Amino acid sequence: AALTASILRDRDGRPDVTIGMVEDISERKEVERLKDELVSVVGHELKTPLTSIRGSLGLLEAGVAGELSVEAADMVRIARENTERLTRLVEETLDLERLHAGRVELEVRSVTPVDLLAATAQVVQPVADAAGVALEWQAPGDLELFVDPDRIVQALVNLVGNAIKFSPPGASVRTMVKAHGANVLISVMDEGRGIPPEQLEAVFERFRQVDASDHREKGGTGLGLPISRAIIEQHAGRIWAESEPGAGATFRITLPLPQGKPPVAVYDRRAP
Ligand code: ADP
């Protein structure tokens, strides 16, 4: 913890008022900040060489240096895919650092949940088709939210993308929006393998994956959920995970509804 105190003096130089301020900079927070900073510096340093590598590989693939043998083309493809993955990791790392540092300005405007779900569907539908997973969407048409639509869609794409990733073919992923008191409640429900109770909170930590093979097999970065949480918290909302062992996972988001227009209260026993 850091303590700052200033003593104001009166005209004769005697202590007059003492203002003490205790800033609770816990050691943990400071370590987090240093980690963010280190990662940000490294990330920026990696961006330029990565762009150059990607460019060169792209030119090789396009045949600029002559026709490639089948083996060479294969190697170049693998190198390009890994470079793209590394680029994604760097970009997400930098994004998270900016969110944590409060350097992301939200571009807030009025949107309906239907708009948000439609924009999300556009991104994830091809992924769901490829995985053989059905997507269902449900939202009331009469709600209005003041949010940064790009950022909320980014969080929803992460959640629905995960739900698809951890679902078997033939399963469904349902995304539902409803008014809930002064908030809107968004639920993303899957029928996949679920999340063990002791991991429900841990999955929101960076690079945390329930199964060590998730990284290799599912190609994730382990940054999707921390980024989603940072986005939702910047909107003064909450995000958490629920799961019954063997019955899939549900991710829930609450976002405050605009004040002054009290929504019709909906009672829901499952919500907090
Ligand atoms: P990524 O998906 O890139 O690995 P995330 O931060 O989005 O990173 O998720 C972290 C981990 O949480 C995942 O690797 C996975 O182990 C677990 N997880 C997230 N969503 C689900 C889900 N719907 N079902 C089961 N596990 C999940």
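In the predicted model, the largest pocket is lined by 39 residues, and those that lie nearest its centre are Asn 158, Asn 162, Lys 165, Phe 166 and Gly 220. Two or more lining residues are contributed by each of the elements α2 (70-100), α3 (113-131), α4 (149-165), α5 (214-218), α6 (224-234) and β9 (249-256). The greatest contribution to this lining comes from α4, which supplies 9 residues. The volume of the largest pocket is about 800 Å³.

Helix α1 spans residues 27-61 and includes Val 42. Together with Leu 38 and Leu 46, Val 42 makes a nonpolar surface patch of about 250 Å². The relative accessible area of Val 42 is 41%, and this residue is therefore classed as partly exposed, since that class covers values between 20% and 50%. Ser 40 also has its place in helix α1. With a relative accessible area of 11%, however, Ser 40 is buried, because the buried class is defined by values under 20%. When residues up to four places away in sequence are not counted, Ser 40 touches Leu 94 and Glu 97. A network of salt bridges links Glu 30, Arg 33 and Glu 37.

Thr 83 is located in helix α2. Its relative accessible area is 8%, so Thr 83 counts as buried. Apart from neighbours within four places in sequence, the residues in contact with Thr 83 are Leu 50, Ile 53, Arg 54 and Leu 57. Between Thr 83 and Gly 181, which are 98 residues apart along the chain, the separation of the C-alpha atoms is 46 Å.

A search of the whole structure identifies 14 salt bridges. One of the pairs joined in this way is Arg 77 and Asp 74, whose side chains meet with an N to O distance of 3.1 Å. These two residues are 3 positions apart in helix α2, and Arg 77 and Asp 74 are therefore separated by about one helical turn.

Glu 84 is partly exposed, at a relative accessible area of 34%.

The side chains of Asp 95 and Arg 151 also meet in a salt bridge, the N to O distance being 3.0 Å. This pair links distant parts of the chain, as Asp 95 belongs to helix α2 and Arg 151 to helix α4, 56 residues apart. Asp 95 and Arg 151 are both buried. The two helices joined by this bridge, α2 and α4, are among the elements that give two or more residues to the lining of the largest pocket.

Terms used
Residues numbered from 1 in each chain as written. Predicted model: local features only at pLDDT ≥ 70, side-chain atom pairs only at ≥ 80, totals over all residues. Heavy atoms only, no water. Patch = residues over 30% accessible without salt bridge, like charges linked within 9 Å, V, L, I, M, F, W, Y side chains within 5 Å. Areas by Shrake-Rupley, 256 points an atom, 1.4 Å probe, with all protein chains shown as cover. Salt bridge = Lys/Arg side-chain N within 4 Å of Asp/Glu carboxyl O. Helix = DSSP H or I, 4+ residues; strand = E, 2+ residues; numbered from the N terminus. Buried < 20%, exposed > 50% of the residue type's maximum accessible area, 1.4 Å probe, protein only. Contact = heavy atoms within 4.5 Å. 1 Å grid on protein atoms, 1.4 Å probe; cavity = no way out; pocket = protein on both sides within 12 Å on 5 of 7 lines; lining within 4 Å. Points joined across faces, edges and corners; volume = space filled by probe spheres on them.
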